[in-house]
Amino acid sequence: MSVTAQAGVIAVDKPKSLWRRNFRRYGLPGIGAAIIVLWVLVAIFAPLLTPYTPELVDVTKRLQPPSQLHWLGTDMLGRDVLTRLIFGARISLFTGIVVVLVAAVFGTLVGGIAAYARGKTEEVVMRITDLVLCFPPIILALAIAAALGIGATNTIIAMLVVWWPKFARLARSMIIVQRSQEYVEAAVVVGYSPARILLRHIIPNSVGPLIVLVTLDVGNAIITFAGLSFLGLGVVPPTPEWGSMVSEGRELIEQWWVATFPGLAILSIVLGFNFMGDGVRDWLDPKSRRW
Amino acid sequence: MQDLTKIAPTDTTTPQDAASILDVSNLRTYFYTDEGVVRAVDGINYSVAPGETLGIVGESGSGKTVAALSLMRLIEDPARIVSGEIKFDGRDIVTMSLEELRKVRGAGIAMVFQDPMTSLNPVLKIARQLVETMVVHGRLTEEQALDRAIKLLGRMGITAPERAVDSYPHQFSGGMRQRVMLAMGFSNEPQLLIADEPTTALDVTIQAQILELIVELNRDFKTAIVLISHNLGVIASVCSRVVVMYAGEVVEEGPTDKILADPRHPYTWALINAVPRIDRHVPGQRRLVTIEGAPPDPLNLPAGCRFAARCPFRIEKCEQHPELLEISPGRKSRCWVTQAGQDLPPPETSRDAPAEAKARTGGHHGETVIKRGERLLELRNVVKHFPLPKTTLFGKQKWVHAINGVSLDVAQGETVGLVGESGCGKSTLARVVARIHEPTSGSVMFHGQDIARASQAQIRPLRRRMQMVFQDPYASLNPRMTVGDILGEPLRFHEITQSEKETRERIAELLDVVGLTPKAATRYPHEFSGGQRQRISIARALSVRPDFIIADEPISALDVNIQAQIINLLIDLQERFGLTYLFIAHDLAVVRHISDRVVVLYLGSVMEIAPADTLFAEPLHPYTRYLISAVPIPDATIEAARQRLPLQGEPPSTVDPPSGCPFRTRCPIAQAICAQVMPPVAEVRPSHFVACHFPGQF
Amino acid sequence: MPRYIVSRLGLAVVMALLATLVIFLIANTVPGDPALAQLGDLAASNPDFLKAFRAKWALDEPLWTRYFIFLKELAHGDLGMSIASQRPVLDDIKNYAPATIELATVGFLLSAVIGVPLGVIAAVRRDSWVDHVARFVSLIGVSSPTFWLAFIMLAIFYGELQIAPGPGRLDPIAFAPPNVTGLFLIDSIFAGDWNTFRDALAHLVLPSIVLAAATLGLITRTTRASVLECMHQDYVRVARAKGLSERKIVMRHILPNALIPVVTLGGLAYANLLTGAVMTETIFSWPGLGRYTFRSAAALDFPAIMGITLVVAVTYLIINLLIDISYALLDPRVIR
């Protein structure tokens, strides 16, 4: 174990593998970024990448295994799985990024105002976040989405309701930490206005952890949206979406390709965001020893 | 003290060799970092005799702590002991097995660390932590150990030790925790105790108690002590012999009294002369002796003498690396100059003193220096209470009584020193004056305008006249802004400069004033050392051309030599720009050195206000007397002869302060009236104010 | 301590009340006619039903009155009628809860029993192969969508290799043990029916692994980070300087501190498993709350969804309360 090794052996041991460290520092985040860029390109150029259309039903070709014509096979309605996968990237990426960005901006503002206003405002805002956080996210999103009705927009709204409080909490705690730093006190003594201090001094020094959370969280949001779609709430059929594709194939154990590939797509993109998030964290906080 | 001359000095080995319990030879501990190899400890040699007290002194980065940790192989990745021997009781710690090492750790050698607040495990009871120390070495059973733990805590001066063992660490103050750490250290009656800056995190009166205790324990247990400190006074009050470290090497070694009186290495010489002395103050002599520059880059140590670049006694031979050689019986030095038999003369302290004194009274702002003439700042009955966060939903709101009715004046051009221990409210008072905090009640008149209740917008014009310098050079500069922006933003904001060109010129001028190059403007704060950052901080304060600067512990995070540089800079600036200072510090010697008048605070109340020399010569408040007496003096002879006043106990809680006089709970002359009536701050003698019912009777 | 618990309890009650308000508001601000949404098309087409429903919930009264009626009914355990099952929602929940508790508990124990030691070893032997394996496992765990993982496991171990039993709690031809707790593992032990016990256990393997995967990742990550943090604390160096063995240092000094955040996370994770096993239960046809939730959502069975949300929120609050209390027990600094 490392502790005993350092305390025990005096012999000059081999220097830490530079290759391995550099791989950790640049390699994995690089791979993550590559995966994300790849999916973004796929989403943008979707129609150019496949000869089929995602909604084209051809019952004569239903449930064909992967072949030259249909690389990833076809589903119950004879639709090309690869084509639906390619078009599915659009909605997954879009919802994941939109939910997290909107929640982050809104949450940060609310948390920032709470931290800065203090007193009753802070109390009320933080109680509201407590209240939202006392529901399990999936269930609350489910309830709201059910109340609003099926559809991508409604599901996104439901997710936003569930999503912003963690950013509000993080932003508030970051700002509270920064607020008592001496450089902020120095800014007060120079005479700057509260808004200027918040925008120019406190927020630039608080964004690091927020950026890390945003990057790591896009993956979460993609999984959650896919999960809600899997449950039948996310998108209206026949819109191609990865979660609902898995759902359509969940009974088809023999025809494994229908559910397996969309799942792999989700896994890859979530891994991509996780790799990149870890990289961003290492970069912003080199002392952190997490992985 | 050991008789060091008993053994024939002609031998090349150290005199203590024959009877030493610890022999360190050629110890090298390197850090293998990404940037390269840091030679933190680079071939040190020393030994410790049984029952001896050895001090190791040096500034941060000198390798003194790494050397101490190496003694028990407690260093962690990426540091490694690369060579050398550590002979303890005849066996080499460097090569022994982990099993053997564990038997030495805590039993043969014990260690007390710097920060008592983090050295105890927060989730384990004191009893558990003391008992396991004894039980793990198999000498005592659990019951015996618990019994001994209680006795030890009692011996360490902890009241009600039976209750104390049943407590958790967070229920104790820092001083109390350090007593627990000492109890832990002595629990197996080790032959050697290593204490790494054991009092640095503590207040001066608590420091005095702990040092006293260490001296007693050394006497009673016959345990040898290695005391590591940056503070020569601390070393002088405990240690009979001292080792001075610089850049990973021992540069001087010898009896404490001789080294302090007659240093034989220029670095020691600089160290001794850079510190202002509480017991000696020559009026008019305001500049401290400083040496240029900073310690060498540990990644890139010079081939010759490592101190040569900063050395005022440098000769040609210093291009070569000197060895640590005996220069007189019991004394060694790593210096070509003193090895050749030359002395290091005391610094020419009177160098520019008369001119300065003249400049100060009759200089360009002579008229404004008329003391008590123009009042710049007037505090009247300032009170500041903070609400504590509620721990329970329906609990009663508790308040921290940070400042309880402070009145004080600051006249144009003077320096008022504000001293007190942690929790006395000195930093809060600074923040109330700077209106970072709004006072709970009372008035703060600045330039004739009451700013106590004013809004930030109303104060804004006055901000140009009042600025602040902060304690932590690493936290007080916005890490995301360049130095140029840090200095330029106030200029643009207050429209002090009209054009970008003018701003740039002013930034360059400011950097020059504080002794930095104009190139600094394009760099970020993390690229500078602590002392340089503090200069930037001062430049920022100066940017708006204030006439009043609040300095909140501006030097306490710095090494002594850098401290001296900053003090000199502050004095220069005062003379140049006619500045008025409110100078806050816990270091009494520094306060005495820099201040015209001194205010002593205790638990949020003023105890005494007097001109600096009067206060230190004739303190009238019992607390002031204790405070002055607690400061260790870097002179072994004086320390040995000094009768220290032992202030017992700890300051009461600011949440629930005592009635009447706040000091009465620890005051030896307190009477019934002290608990009922808070004594007013009265002018007992001309310009000497005391808040005591019985001034001068102690 | 009692004061602390009372205070926490008070807070939990307040939060529970607020939660009912939130649910009431969601239920009553639905677009369209709440009566229609809560009765379902079929029942709503019967004017008598509609009338009785409107009268019972005072739908013509202002919102506040309706909330108090809602609270009163709630106090009597009335969560409304499920549209799909046409039974009281509370009965449905009582029916399905044991299966979920059984699955969630086994899944949680699995992830804790593997995750905590894995995290500790990964931290203590940083950059060793254990660390890399742990990192891989936890990354895959947190990155794979549960519903997909469930499908894959079923496809491989049941469909392809045929070494695991199919969906469900028991073999289709087996009988459930006599109902005591509703937990098949325990009930079959009570009945001394080892065949059923084995069958129930075999059916638990795949779903509990799936359920554990994401939680395992989180617990391993948190444990590792927390242990690493504690390993560099001063008191650990003090412990080493005392001559304690590395094992004792880890067990006595690091773990009691490092596990405090893990307990918090573990509690939350358990709450999530209890309430969020929707996907896993659906794919494994596990007759628990999760599948009930899925079916209710699919059928837009509004009363059922609201009932579940409420029960789940209260469960969440109770577990949070337990976390707070255990926190206070583990960390003496919490109560001053």
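Q: What pattern does chain A follow, read along the sequence?
A: Chain A reads α-α-α-α-α-α-α-α-α-α-α. Its count is 11 helices and zero strands. Helices (H or I, at least four residues) and strands (E, at least two) are DSSP runs, numbered from the N terminus. This is a predicted model, where local features need pLDDT of at least 70, side-chain atom pairs count only at pLDDT 80 or more, and totals for chains, interfaces and linings use all residues. Residues are numbered from 1 along each chain as its sequence is written, while chains are lettered from A and ligands numbered from 1 in the order in which they are written.

Q: What makes strand β15 of chain B largely enclosed by the rest of the structure?
A: A residue is buried if 20 or more other C-beta atoms lie within 10 Å of its own, exposed if 12 or fewer, and partly exposed in between, with C-beta atoms placed from the backbone. In β15(B), residues 415-419, five of the five residues are buried, so the strand is largely enclosed.

Q: How do you know that both faces of β15(B) are covered?
A: Look at each side. Thr415(B), Gly417(B) and Val419(B) are buried on one side, and Val416(B) and Leu418(B) are buried on the other.

Q: Why is β15(B) said to pair with β21(B)?
A: Two strands pair if DSSP finds at least two bridges between them. β15(B) and β21(B) (residues 597-602) have four bridges, in the parallel sense. Val419(B) stands opposite Val600(B) there.

Q: How many bridges join β15(B) to β20(B)?
A: Five bridges join them, and the two strands run parallel. Here the bridge partner of Val419(B) is Ala585(B).

Q: How many residues does each chain give to the contact between chain C and chain A?
A: Chain C gives 47 residues and chain A gives 41. Two residues are in contact if their C-beta atoms, placed from the backbone, lie within 7 Å. On the side of chain C, the largest share, 10 residues, comes from α14(C).

Q: How do the residues on that side of chain C divide into nonpolar, polar and charged?
A: There are 34 nonpolar, nine polar and four charged residues on the side that touches chain A. Ala, Val, Leu, Ile, Met, Phe, Trp, Tyr, Cys and Pro count as nonpolar, Asp, Glu, Lys and Arg as charged, and the others, Gly among them, as polar.
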